[in-house]
Amino acid sequence: MVALGFIYVVFMSHLSYILLEKREDFYKEKMFWYLIIGLMACLYLTAMIFKLF
């Protein structure tokens with residue numbers, strides 16, 4: 001659970017950096033889309049873990 005929290009903090013901090021740094025063209029960055037896909041995968045895995053318990 002601590003590892004998932006750390007992953008969420010890292011994803012959100014890097015996403016906020018990209019959004020604040022590249023205000024107009026943030027969606028053109030590959031890293032932005034990689035982070036969105038990774039965040040969605042983590043959310044899906046977290047939902048699966050909580051559904052099991």
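**Exercise 1. Classify Phe26 by its accessibility: buried or exposed, or in between?**

Phenylalanine 26 has a relative accessible area of 25%. Buried means under 20%, exposed over 50%, partly exposed in between (1.4 Å probe, protein chains only). Phenylalanine 26 is therefore partly exposed.

This is a predicted model: local features need pLDDT of at least 70, side-chain atom pairs count only at pLDDT 80 or more, and totals for chains, interfaces and linings use all residues. Residues are numbered from 1 along each chain as its sequence is written, and side-chain values use heavy atoms, without hydrogens and water.

**Exercise 2. Determine the geometry of the pair Phe26 and Tyr27.**

Rings of Phe, Tyr and Trp (its six-membered ring) pair if their centres lie within 6.5 Å; planes under 30 degrees apart count as stacked, over 60 as edge-to-face, the rest as tilted. The structure holds three aromatic pairs. For phenylalanine 26 and tyrosine 27, the centres are 5.8 Å apart and the planes at 85°, so the pair is edge-to-face. Phenylalanine 32 and tryptophan 33 also pair edge-to-face, at 5.0 Å centre to centre and 75° between the planes. Phe26, Tyr27, Phe32 and Trp33 form one aromatic cluster.

**Exercise 3. Compare the accessibility of Phe32 and Trp33.**

Phenylalanine 32 has 8% relative accessible area, so Phe32 is buried. Tryptophan 33 stands at 43%, so Trp33 is partly exposed.

**Exercise 4. Find the residues that cysteine 42 touches beyond its neighbours within four places in sequence.**

Contact means heavy atoms within 4.5 Å. Leaving those neighbours aside, cysteine 42 is in contact with Ile7, Tyr8 and Phe11. Isoleucine 7 is partly exposed, at 31% relative accessible area.
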